[in-house]
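Subject: Structure for you to look at

Hello,

I am handing over the structure below.

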Amino acid sequence: MKAFRRIGVLGGTFDPIHYGHLRVAEEVAEALDLAEVRFVPAARPPLRAAPVAAPEHRAEMVRLAIAGNPRFILERCELQRPGVSYTVDTLETLRQRLGPDVALCLILGSDAAARLTAWSRWERLGELAHLVLVHRPGGGPVPDPAWPPALLGQWEARRCDSPAALACAPAGRMLPVATTPLAISASFLRALLGAGRSPRYLLPDSVLDYIEINRLYLPGGG
Ligand code: ATP
């Protein structure tokens, strides 16, 4: 049977990127034998407050964090697109660019998964990509009986239990992947920095150096 080349997509605000993001990407890449993981910084995320750092700063922090990992790629398409950054548009772009012969694997933490039905054209996401769901500390289980019925319906229709199932189709399946739980969030890092405290060892040193040099997330809301 044909095996589709698998490409991971991890979208986020990355305000800033931290080891929670990086470790999930690494473990999912290993579990699914992904050819690459594309980190997609959202320029203007629709469902949350505006990010603190400018899009170019957040992208640069991603670039620094993933340097040295040949499988990890900074995907800038949401920075180049005007308007609100919808994941569905990004997947349409990647699908057009990469063609029908790759399996796109959209990686979602369980906090993001629980809110999926609020995303623009959310049902289309599952037509363009597989959905790879990782439990995030504080983010609820996968699956979660508290999910909206429409999402639970998708889960029943699309769930699969083995990574091999994702290699057999370009999109359309949902797979839970167990990863090392890391209770790190960008908001916690911003709170530490804003209080003049150190976030060291929760994110790469290169990213922390960049934050300090560029005076991001300063105490007092700088
Ligand atoms: P914030 O605290 O500002 O909301 P965040 O830490 O949640 O930021 P995002 O950039 O919004 O980071 O997250 C992007 C994606 O990465 C989401 O799918 C989210 O669930 C996932 N993610 C972020 N941190 C973790 C973590 N520690 N473990 C698992 N998944 C994570």
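Helices and strands here are DSSP runs, numbered from the N terminus; a helix has at least four residues and a strand at least two. With those labels, β1, α1, β4, α5 and α9 each give at least two residues to the shell around the ligand. Please note that this is a predicted model.

The shell has 21 residues, and Asp111, Arg136, Leu182, Ala186 and Ser187 come nearest to the ligand. By type, the shell residues are eight nonpolar, nine polar and four charged.

- His18 has a polar side-chain atom 2.9 Å from an oxygen atom of the ligand.
- His21 has a side-chain N or O atom 2.9 Å from an oxygen atom of the ligand.
- Ile184 has a polar backbone atom 2.9 Å from a nitrogen atom of the ligand.

The ligand exposes 610 Å² when taken alone, and the protein buries 90% of that.

Where does the ligand sit? It is in the largest pocket, whose volume is about 990 Å³. The lining of this pocket is made up of 44 residues, and those nearest its centre are Gly11, Gly12, Arg48, Asp111 and Ala112. Two or more lining residues come from each of β1 (5–12), α1 (19–32), α4 (87–98), β4 (102–109), α5 (110–114) and α9 (186–194). The lining divides into 21 nonpolar, 15 polar and eight charged residues.

Regards

Definitions and conventions
Residues are numbered from 1 along each chain as its sequence is written. This is a predicted model: local features need pLDDT of at least 70, side-chain atom pairs count only at pLDDT 80 or more; totals for chains, interfaces and linings use all residues. Side-chain values use heavy atoms; hydrogens and water are left out. On a 1 Å grid over the protein atoms alone, a cavity is a set of points where a 1.4 Å probe fits but cannot get out, and a pocket is an open set with protein on both sides within 12 Å along at least five of seven lines; lining residues have an atom within 4 Å of a point. Grid points are joined across faces, edges and corners, and a volume is the space filled by probe spheres set on the points. Ala, Val, Leu, Ile, Met, Phe, Trp, Tyr, Cys and Pro count as nonpolar, Asp, Glu, Lys and Arg as charged, and the others, Gly among them, as polar. A residue is near a molecule or strand if one of its heavy atoms lies within 4 Å of it. A polar contact is a pair of N or O atoms within 3.5 Å; within protein, one must be able to donate a hydrogen and the other to accept it, and residues adjacent in sequence count only if both atoms are side-chain atoms. Accessible areas come from the Shrake-Rupley method with a 1.4 Å probe; for residues, only the protein chains shown count as cover. A molecule sits in a cavity or pocket if more than half of its atoms lie within 2 Å of its grid points.
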